[in-house]
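My notes follow in the order I looked things up.

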Amino acid sequence: MIEIKNLCKNYGSKYALDDVSFTVNKGEIVGFLGPNGAGKSTAMNIITGYLSSTSGEVRVGGVDVFENPDEAKKLIGFLPEQPPLYIDMTVDEYLNFVYEIKGCKLNRKKHLEEVRQVTKIDDVRGRLIKNLSKGYRQRVGIAQALVGNPPIIIFDEPTVGLDPKQIIEIRNLIRNLGKTHTVVLSTHILSEVQAVCDRIIIINEGKIVADEKTESIAQVVQDNRRYTVKICGPQREVMASLRSIAGVTRVDATGERELDSYTYLIESQPGVDIRKPLFYAMSKEGRPILGLEVAQMNLEEVFIRIMDKTEEGGRK
Ligand code: ADP
Ligand code: MG
């Protein structure tokens, strides 16, 4: 659905994108993951025809974005980092305006109603956009992208600035859209792509450093196992017994305490699953385990892991 070959973009002497190539297949939900300044917005703005490239090819649904920008744009619904909302319009006025400028041919009343329902903004349709909360504004931004029913949806950091409840709502909405659309979204939050995407493309300093199915990234991420565990009993004694379990390489107290239990961060040797030995050791000592889960890595740690892997691969 989207084919990008050797895409480069420089701003003066600075490379924002350096020889980027990837494809997105029909029906996929792909996450574009990278830290701030990685080049995510630049890539998305080029794919959607809002920005020119320095060199390279971009095809969307077989259409060359640089040769036929208007035709390519019809295939894409885009939510830019700053949604182009006219805040002095009501939601209805705005969606009608978008319908007009997109030259939409679908039945207006029926189509806009559908869009309002999918994005759950029906109850605010008469309100001025400037009076809406950030979460509702974002949904209006998404609604705008859906007008005309384009087969490809591109969202640039769709959950930035939202509260946790709104984030969950928007993620659910994106997942649902993914059932009927090809979706690309950018984010700097690893758990976001893990929650929503089939595939993850990691970009750093304008270069793609990984392009993997989400499950495979999870494997990379969990290679060196780390757990947070919450155990009843005096902290010093518990730490000593945790350290004596075969395969445990490191134990730290997180400082979190609840009544007579403390939380610890445990690292184990790669390839050793310490969960069962941990359970037996603690039950033998009569120390109830109140919680045990795989510790989430943050994006920096994932990068380091992936860079290490890439170097290993290069040496072979
Ligand atoms: P991201 O969306 O991943 O945060 P961007 O694509 O916005 O990253 O930016 C990539 C790099 O290009 C950054 O270093 C940024 O400072 C630079 N950049 C972006 N837009 C411009 C511009 N208009 N002029 C100069 N530099 C820019
Ligand atoms: Mg950006």
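Before anything else, a term: I call a nonpolar core a set of buried Ala, Val, Leu, Ile, Met, Phe, Trp, Tyr and Cys residues joined through side-chain atoms within 4.5 Å. I also kept in mind that this is a predicted model.

**Cores.** I looked up the largest nonpolar core and found 44 residues in it. The members that touch the most other members are Val91, Leu95, Val140, Ile142, Phe155 and Ile202. There is also a second, separate core of 26 residues, with Ile2, Ile4, Leu7 and Phe78 among them.

I then picked Val91 and asked what it touches, leaving out residues up to four places away in sequence. My list reads Ile121, Val124, Arg125, Arg127, Ile129, Leu132 and Val140.

**Overall.** I stepped back to the whole protein and counted eleven helices and 14 strands. The C-alpha trace spans about 70 × 50 × 35 Å along its principal axes. Of the 316 residues, 44% are buried. I also checked contacts between residues at least 6 apart in sequence, and 68% of them join residues at least 24 apart.

**Helix α3.** Val91 sent me to α3, which covers 91-101. Its buried residues are Val91, Asp92, Tyr94, Leu95, Val98 and Tyr99. Why do I put them on the same side of α3? Because they cover an arc of only 165° around the axis. Next I looked for what covers these buried residues, and I noted α4 (108-118) and α5 (134-146) among the elements that do. After α3 comes Gly103, and I wrote down that its phi is positive, near 60°.

**Gln144.** I went on to α5, the helix that holds Gln144. Is Gln144 buried or exposed? It counts as buried, because its relative accessibility is 8% and the cut-off for buried is under 20%. Setting aside neighbours within four places in sequence, I find Gln144 in contact with Phe78, Leu79, Pro84, Tyr94, Leu95, Val98 and Lys102. Tyr94, Leu95 and Val98 were already on my list of buried α3 residues.

**Largest pocket.** I get about 560 Å³ of space in the largest pocket. Its lining has 22 residues, and the closest to the centre are Tyr50, Lys73, Ile76, Ile101 and Lys102. Which elements supply at least two lining residues each? I have α2 (69-74), β6 (76-79) and α3 down for that. The largest share, four residues, comes from α3. Sorted by class, I count 13 nonpolar, five polar and four charged residues in this lining.

**Second pocket.** The second largest pocket has a volume of about 230 Å³. I list its lining as Glu81, Gln82, Pro83, Leu85, Ile87, Lys134, Arg137, Gln138, Glu157 and Val160. By class that gives four nonpolar, two polar and four charged residues.

**Gly62.** Last, I looked at a loop, the one between β4 (55-60) and β5 (63-64), where Gly62 lies. I marked Gly62 as partly exposed, because its relative accessible area is 46%. I also checked Gly62 against Glu3, which is 59 residues away along the chain. Their C-alpha atoms are separated by 8.1 Å.

Note on methods. Residues are numbered from 1 along each chain as its sequence is written. Chains are lettered from A and ligands numbered from 1 in the order in which they are written. This is a predicted model: local features need pLDDT of at least 70, side-chain atom pairs count only at pLDDT 80 or more; totals for chains, interfaces and linings use all residues. Side-chain values use heavy atoms; hydrogens and water are left out. Buried means under 20% relative accessible area, exposed over 50%, partly exposed in between (1.4 Å probe, protein chains only). Contact means heavy atoms within 4.5 Å. On a 1 Å grid over the protein atoms alone, a cavity is a set of points where a 1.4 Å probe fits but cannot get out, and a pocket is an open set with protein on both sides within 12 Å along at least five of seven lines; lining residues have an atom within 4 Å of a point. Grid points are joined across faces, edges and corners, and a volume is the space filled by probe spheres set on the points. Ala, Val, Leu, Ile, Met, Phe, Trp, Tyr, Cys and Pro count as nonpolar, Asp, Glu, Lys and Arg as charged, and the others, Gly among them, as polar. The arc is that of the directions from the helix axis to the C-beta atoms.
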